[in-house]
Amino acid sequence: MRMTGPNVLRCLLAICLMSGLVACGSFANCFNSGFAPAACGGGYSESNVASLPQPTATSAEGRWTGVTPTGRTVSGLVLEDGFYWLFYTARDHPNILAGLVQGTGTSHSGSFGSSNTRDFNLEGAGLRSATTNGSYVPNKSFLATIAYVTGDTESFTSTYDVDSEPAPNLNLVAGTYAGLRADNSTVTVTVDSTGTLSGHSTDGCTVTGTLSPRGKGNVFHTSVTFGGGACRQRTETVTGVALYDAATNRLYIAALNNVRTTSYLFLGTKR
């Protein structure tokens, strides 16, 4: 029997469809797996999937380094789950830790907002509540204003830190760090290659703890336990994050209790 042009086309389509169904088992499986187009020569093979455009960042996630108009240095982190940790230094003294701004925020279409900001200040202001609102360009810039319940505000501009990408490396972090805090305490912390942490300050307080790698960015989970005695936190255990800045050999540690009323804050340079 001789087939006309339309009949030939129908036949080819039927063969193509049936070959896809044999491979997939059913219409549903074919379409769910994306197999149907590939069965007839279309779609992407495993060899060229890697060449497809990769998804781009859409949130403020990453590490950020910047300044405030008042001369403070800001080094911070926005995690994939929205938690953020922003260390800030004393005015015009980038090596003296002055506090931490922490909370959970929402990133959407270039806007960032947080209603539960807390500022753990080491310059005498103590614990302050605030809100944070800002804007960001993924992997490029992050700008925000912190509005305190007292009516005061502070703002900062920052750029994406290249340390956001490398895998965490405890061998790189291992060493002894010394730092000065705005409350006039000198603090020393030692970390070994297994992530074991120990530290002491000039006020007599000692701590022990651990660092364990997160997914990327030279960022680590951290747990710190106070040693009692001179520690006003007694023997409480707090948890948080640690950041290592490879360019400056600085280690940042921030750990809080569950209700965010107690903190352990550290900024030191490797000896």
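Predicted model: local features only at pLDDT ≥ 70, side-chain atom pairs only at ≥ 80, totals over all residues.
View 1. Residues are numbered from 1 along each chain as its sequence is written, and side-chain values use heavy atoms, with hydrogens and water left out. Asn-133 sits in strand β7. Strands here are DSSP runs of E with at least two residues, helices are runs of H or I with at least four, and both are numbered from the N terminus. If you skip neighbours within four places in sequence, Asn-133 is in contact with Phe-112, Gly-113, Ala-144 and Thr-145, where contact means heavy atoms within 4.5 Å.

**View 2. Ser-201 in strand β12.** Ser-201 belongs to β12, which runs over residues 196-201. Is Ser-201 buried or exposed? Ser-201 is buried, because its relative accessible area is 15%. Its side chain makes a polar contact of 2.3 Å with the side chain of Asp-203. A polar contact is a pair of N or O atoms within 3.5 Å; within protein, one must be able to donate a hydrogen and the other to accept it, and residues adjacent in sequence count only if both atoms are side-chain atoms. Leaving out neighbours within four places in sequence, Ser-201 also touches Thr-186 and Val-187. As for Val-189, it lies 12 residues from Ser-201 in sequence and 8.8 Å away, C-alpha to C-alpha.

**View 3. The largest pocket.** This pocket holds about 330 Å³ of space. On a 1 Å grid over the protein atoms alone, a pocket is an open set of points with protein on both sides within 12 Å along at least five of seven lines, a cavity is a set where a 1.4 Å probe fits but cannot get out, and lining residues have an atom within 4 Å of a point. Grid points are joined across faces, edges and corners, and a volume is the space filled by probe spheres set on the points. Which residues lie nearest the centre of the largest pocket? Out of 24 lining residues, they are Arg-181, Arg-232, Gln-233, Ser-263 and Tyr-264. Elements giving two or more residues to this lining are β6 (111-121), β7 (126-137), β12, β13 (206-213) and β17 (263-270). The lining splits into 11 nonpolar, 10 polar and three charged residues. Here Ala, Val, Leu, Ile, Met, Phe, Trp, Tyr, Cys and Pro count as nonpolar, Asp, Glu, Lys and Arg as charged, and the others, Gly among them, as polar.

**View 4. The largest cavity.** The structure holds one cavity of 30 Å³ or more, and the largest cavity has a volume of about 50 Å³. Look for Trp-64, Asp-161 and Tyr-252, which are among the residues lining it. β1 (62-67), β2 (73-78) and β15 each supply at least two residues of that lining, and β1 gives the most, with three. By class, the lining has three nonpolar, three polar and three charged residues.

**View 5. The largest nonpolar core.** This core has 22 residues, and those with the most contacts inside it include Val-173, Leu-211 and Phe-266. A nonpolar core is a set of buried Ala, Val, Leu, Ile, Met, Phe, Trp, Tyr and Cys residues joined through side-chain atoms within 4.5 Å. Not counting residues up to four places away in sequence, Leu-211 touches Leu-170, Val-191, Phe-220 and Ala-242, among others. A second, separate core has 20 residues, including Ala-60 and Tyr-88.

**View 6. Two loop residues with positive phi.** Most residues other than glycine have a negative phi. Asp-92 is not a glycine, yet its phi is positive, at about 65°. Asp-92 lies in the loop between β3 (83-90) and β4 (93-104), and it is exposed, with a relative accessible area of 62%. Asn-184 also has a positive phi, near 75°. You'll find Asn-184 in the loop between β10 (175-181) and β11; it is exposed as well, at 68% relative accessible area.

Technical notes
Buried < 20%, exposed > 50% of the residue type's maximum accessible area, 1.4 Å probe, protein only.
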